[in-house]
Amino acid sequence: MWRQLRFRVPDVVLFGVDTVQQVGEEAKRLGAGKVMVLCDAGVAQAGVVQQVYEVLEQAGLSYQTFEEVEPEPSIENLNQAAELARQGDIDVFIAVGGGSAMDVTKLTSAMMTNQGTLQEFFGIDNIPKRGKPTIMVTTTSGTGSEVTRMAVFTDKEANLKRVVAAQNILADVAIVDPKLTLTLPQSVTADTGMDALTHAMEAYIANNASTLTDKLSLEAIELIYKSLGEAYARPNSLEARYNMSMGAFLAGVVLNNAGAGAVHALAYPLGAEYHLAHGKSMTVILCE
């Protein structure tokens, strides 16, 4: 009758307009030192990551970059980032981007303090030690990776997407600044928005759902339902982007604590086989 609940979120969550300006302060608090910033080519070309570089420079922090994160990152891509990090003797890792950049950052950090290969980390809680400190700066409204203990990678040999789920890869700091989503292409807005909506819907009916996650799930569903269309049609609407950021953030929180369901399970092989974005593959499953 009286259930025990376990609620997991990063140590610090900074949500709101211009919160990205606090990334240098947070990096220093976590012990930087040397910083590594990871993003994909799209985020770099859009100039979004430049805002993080400028804040780090103003804070007097040195940093190196890895701007080669792949969409739906592979095991090989993760190993490239980890090798660069080992050579740089990094203190703090900062992801700037969507789920791909954040997932690579989580595991790059973990590989600095844990022996073994990524293949050995797949599954649940197979990472025994916390990695180096991480800061997740999300530039999309959908994956929720900034607040989850999950990371997804493409196993090219098996032609599968495989998951790491471990408390020891949960970020130290999550920064959700809606202004960083203003440059999102419409296709990414749609894909990541559907990703977030699915998180909230599945968490609401998940086995580990609770009174706490149910309330957050419903709030996330309402925010995304009301705001996704406007964010797609009017990409520069800060109000729509703000509400989508909040909805996606809440959806990530409930995913991390209540869990997902069959839509996620079926979407992974579909995405791997046809090289679809995660949100798009889940939309296909939902519509079937």
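Helices (H or I, at least four residues) and strands (E, at least two) are DSSP runs, numbered from the N terminus. The structure described here is a predicted model, in which local features need pLDDT of at least 70 and side-chain atom pairs count only at pLDDT 80 or more, while totals for chains, interfaces and linings use all residues. Residues are numbered from 1 along each chain as its sequence is written, and side-chain values use heavy atoms, with hydrogens and water left out.

V92 counts as buried because its relative accessibility is 0%; buried means under 20% relative accessible area, exposed over 50%, and partly exposed in between (1.4 Å probe, protein chains only). Leaving aside residues up to four places away in sequence, V92 touches several others, among them A27, L30, P133 and I135, where contact means heavy atoms within 4.5 Å. The C-alpha atoms of V92 and T134 are separated by 5.9 Å, although the two residues are 42 apart along the chain.

S245, found in helix α9 (residues 238-258), is also buried, with a relative accessible area of 3%. Its side chain makes a polar contact with the side chain of S141 at 3.4 Å. A polar contact is a pair of N or O atoms within 3.5 Å; within protein, one must be able to donate a hydrogen and the other to accept it, and residues adjacent in sequence count only if both atoms are side-chain atoms.

Next comes an open sheet of three strands, in the order β5-β8-β7 and with mixed pairing. Its edge strands, β5 (123-124) and β7 (150-155), each pair on one side only; two strands pair if DSSP finds at least two bridges between them. Strands β5 and β8 (residues 160-165) run parallel and are joined by two bridges, and I124 has A165 in β8 as its bridge partner.

Charged residues complete the picture. Side chains of opposite charge can pair when their charged atoms come close. The structure holds nine salt bridges, each a side-chain nitrogen of Lys or Arg within 4 Å of a carboxyl oxygen of Asp or Glu. In one of them, K280 meets D191 (2.8 Å, N to O). This pair links distant parts of the chain, with K280 in helix α11 (residues 278-287) and D191 in helix α7 (residues 186-204), 89 residues apart. K280 is partly exposed at 35% relative accessible area, whereas D191 counts as buried at 16%.
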